[in-house]
Amino acid sequence: MSTTTTPNPSGAGAPGRSREKAPAGERVADWADGRLGIYSLAKANMRKIFPDHWSFMLGEICLYSFLIIILTGVYLTLFFHPSMNEIEYHGSYVPLQGQLMSEAFASTVDISFDVRGGLLIRQIHHWAAIVFLAGMFVHMMRVFFTGAFRKPREVNWLFGFLLFVLGMFTGFTGYSLPDDLLSGTGVRFTQGAILSMPIVGTYISMFLFGGEFPGGDFVARFYSIHILLLPGIMLGLVVGHLILVFYHKHTQFAGPGKTNKNVVGMPLLPVYMAKAGGFFFLVFGFIAMLAAVASINPIWVLGPYRPDQVSTGAQPDWYMGFAEGLIRAMPGWEINIWGHTLVLGVLIPLVIFGVFLALIALYPFIESWVTGDKREHHILDRPRNAPTRTAFGVAWVTAYMIMLIGGGNDIVATHFHLSINTVTWFVRIGFFLGPVLAFIATKRICLGLQRRDRDKVLHGRESGIIKRLPHGEFVEVHEPLSQEAMHTLTAHEQYQPAEIGPTVDENGVERKVKGPQKLRAKLSTAYFGEDGQIPKPTAEEYKEITSGHGHH
Amino acid sequence: MSSQDIPEENLPAERAADEHAHAHGDVSVAANEKDPFADPGLPPHEHRIQDIDERAAKRSERTVALLFTLSMLATVGFIASFVTIPADRIVYIFPLGHISGLNFALGMTLGLALFCIGAGAVHWARTLMSDEEMADERHAIAAEPEVKAKVLADFKQGAKESALGRRKLIRNTMFGALTLFPLSGIVLLRDLGPLPEDKLRHTLWSKGKLLVNMNTDEPLRPSDVAVGSLTFAKPEGLEEHDHDFQTEIAKAALMIVRLQPENIKDKQELEWSHEGIVAYSKICTHVGCPISLYEQQTHHVLCPCHQSTFDLSDGARVIFGPAGHALPQLRIGVNDEGYLEAHGDFEEPVGPAFWERG
């Protein structure tokens, strides 16, 4: 077809260079572009702008630890035998010689003692999982407290939420694989929890374990769930999560030059390529060193699982601590009627666990219903400027943390020389009281910070310079803020509480106000009413103060 | 409940300062007077020392190169450690104590190799790459009305051409087929395990089975059970090498203590005991952990998992913690040869409660 004599098929070379052969890299790129359209892709993304803030790297920690988990996990599958066949141990770890154990446990001991570097990779894998879940927790809190979940990012919030939940279950199925005494106890706990489910409990238990607990199947079944099913779904969600981050463009805090219609920062190539790429190595390096110095899950100390044995101080990994706390704090209620048992003592914690997670998942939709705001939001809120949301989030975290204490009530009791009963009662009461106190305190702190911002804008910054006036009065000199600072402190939006409106229309006919509408008006008042926020300073107020008597 | 009824004017107005958004640092006095809080635009770029001083830039370059070189050395160190350090070498490293030398060496060298790459890249980006802030425009995510109209029209056309709405028979049978076929997948899961039936109600214990000491593997005599001690037992005939040992012991595990008969408060407990020796299921009725802590003075046993506490002198009733009912007791006696034996199976299911337990 082509009649051109130029050896450069794309003809895209710069003038004066058009007759030369394009550089090799460009030719490869041309080849790929002709098949994949990479130039159009790169046009939109190569110099994509990302804003800078320390809190934006929390998500990166999650992404990188996820990659580390996959890399090290693939390595571990090369040596791990997901089998519950009982064998006698004859490996190089002397204290276990001759003991009966499952092949799963034996192969994990082999990975730890006979495969050079196996222990390191195992520990990196486990540490990375702990960092992954902690990272997701903190990242989620960052998104929550800055309102980054608002339109258009609600779907991405749900993706992230699912990753957190699936991450917990992937972690649980993973640490259960070695079939050691501690993890086996955790599996037993899970089986007990499954049994508590009305009607279907015993059936699910029989089907999951291939018969009665522990049976000989669960390690192989957990294995395929842990290495294939859940990570497969999670990988898809991670990719979707990242695509949406690119598509929506990152949020940013208010500041000079930063609006809801732009994104200010530095380009992907080269700055974030280097920073984010480098950060992967920092996270990986940090976790590798952690695995070098800090032992995690030393299963050879615990020994193989026996359903009739247990060690004291049995704890799940931290991310299961909340569920563990609920289970420990709940009184042992059981109802027996009509020949059936309702195991409320286990069932209620399971339900609360689900409700608690669902609450945080649904929050974006609740808030957008209360505000009635359908616009896109790309400017982040400072937590103080959304006091009710912040207070709600802190209350949630408080309940979560109290249950973490509950999950380790035995450890707390022995370390601080307290009675286990006292700790448990503290958790029982604290679970209800703590969030309320945290809510009130947080809201007040937020309002106080808003007042301070208001004062700063209107009266300037306290300079610390004391001036004595001619008539003897001492005053502190206030320095006016720069326009940048004033803009930043007043850039946030403030909603007005939604009103139900008159209950009687212009003809005197009573208008019906539906329950949800009333609830919404109430919530809206709680969020944005007089007690919900401090009105931000207006230009008029500022002018009056600055033009009039100047200072005080 | 929709929020369509919220008028737009109830929402806070967007700031009318967008026109200043891209002005670099020109704080116009006019704008200031009009709105003291107006967006002054991006502040002017401030140069770093590396931007002005080539010697500083050179220093940065050397730092980055040094970090990358360190990484290379660390990788060499990793390989050297892998080859030279035996897997079973234990070394003392302060303050970590006695740890595996190989794990420490491999982890530190690998960590260093990775960390230095990261530190080098980040230092490079922070000191030598341009740090001038730039702005990208955002575009509304929702489609323009024309686009939306076109898509809806296309969809209508497609739906019409499929005739799905008109040919109801096709539609209904298709939905039927699509709804039914996943059933095969569910049916296939049936053989994951057996039905529960009464499996959770029975254990290996039966009339005449001897109580065998878990530690010594010998049948127990009453004289073997001392006051104040906690003895674990299994049913005779169950051996550790048995194929189903784990599953059977998960239900049959027994704990035996000796109390003074006059201290036993529960009437049935006294009847089912022998000379003050009582046998209870070791499996906690909460979620199935093995109970293993015994308080001699009070005769309380505690489950170390969730701290359910049972009073063995009073029918093993729950006195604290999340367990919902007492531990099942095994009725015991002695046979003609003087060995402790079971008088039957547990009369109620052992372990965690479940729906069919009743």
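Predicted model: local features only at pLDDT ≥ 70, side-chain atom pairs only at ≥ 80, totals over all residues.
Student: What makes β1(A) and β5(A) partners in a sheet?
Tutor: Pairing requires at least two bridges between the strands. Two bridges join β1(A) to β5(A), residues 262-267, and the strands run antiparallel. The pair therefore meets the criterion. Within β5(A), M266(A) is the bridge partner of F50(A).

Student: How do you know that β5(A) also pairs with a strand of chain B?
Tutor: Four bridges join β5(A) to β3(B), and the cut-off is at least two. These strands also run antiparallel. Opposite G265(A) stands M134(B) of β3(B).

Student: Why is the sheet called open, and which strands are its edges?
Tutor: The three strands come in the order β1(A)-β5(A)-β3(B), with antiparallel pairing. The edges are β1 (49-50) of chain A and β3 (134-137) of chain B; each has a single partner strand, so one side of each is left without a neighbour in the sheet.

Student: Which helix lies across β1 and β5 of chain A?
Tutor: That is α10 of chain A, residues 268-293, which runs at about 70 degrees to β5(A).

Student: Why is α8(A) described as largely enclosed?
Tutor: A residue is buried if 20 or more other C-beta atoms lie within 10 Å of its own. Seven of the nine residues of α8(A) are buried, so the helix is largely enclosed by the rest of the structure. The buried ones are G201(A), T202(A), S205(A), M206(A), F207(A), L208(A) and F209(A). Their cover includes α7 and α9 (218-248) of chain A. Just after the helix, G210(A) takes a positive phi of about 65 degrees.

Student: How do α7(A) and α8(A) pack?
Tutor: Helix α7 (residues 181-195) and helix α8 (residues 201-209) of chain A pack at an angle of about 145 degrees, with axes 7 Å apart. On the α7(A) side, the contact is made by Q191(A), I194(A) and L195(A); residues on the α8(A) side include I204(A), S205(A) and L208(A). By class, the contact residues are five nonpolar, four polar and no charged.

Student: What makes a set of residues a nonpolar core here, and which members touch the most others in the largest one?
Tutor: The members must be buried residues of the nonpolar kinds listed for a core, joined through C-beta atoms within 7 Å. The largest such core has 180 residues, and I287(A) and L211(B) touch the most other members. Helix α4 (residues 101-127) of chain B supplies the largest share, 17 residues. A second, separate core of five residues includes V457(A), L489(A), F37(B) and A38(B).

Student: What does L211(B) touch?
Tutor: Not counting residues up to four places away in sequence, its contacts include P219(B), L254(B), I332(B) and A342(B).

Student: How is chain A divided as a whole?
Tutor: The division is into domain 1 (1-45) and domain 2 (49-249 + 265-381). Taken over C-alpha atoms, 46 Å separate the centres of these two domains of chain A. Chain A has 19 helices and 10 strands, and 43% of its 552 residues count as buried.

Key
Residues numbered from 1 in each chain as written. Chains lettered and ligands numbered in written order. Contact = placed C-beta atoms within 7 Å. Axes fitted to C-alpha atoms, helices over the stretch in contact; angles between N-to-C directions. Domains from an automatic or database assignment. Nonpolar A, V, L, I, M, F, W, Y, C, P; charged D, E, K, R; others polar. Buried ≥ 20, exposed ≤ 12 C-beta atoms within 10 Å, placed from the backbone.
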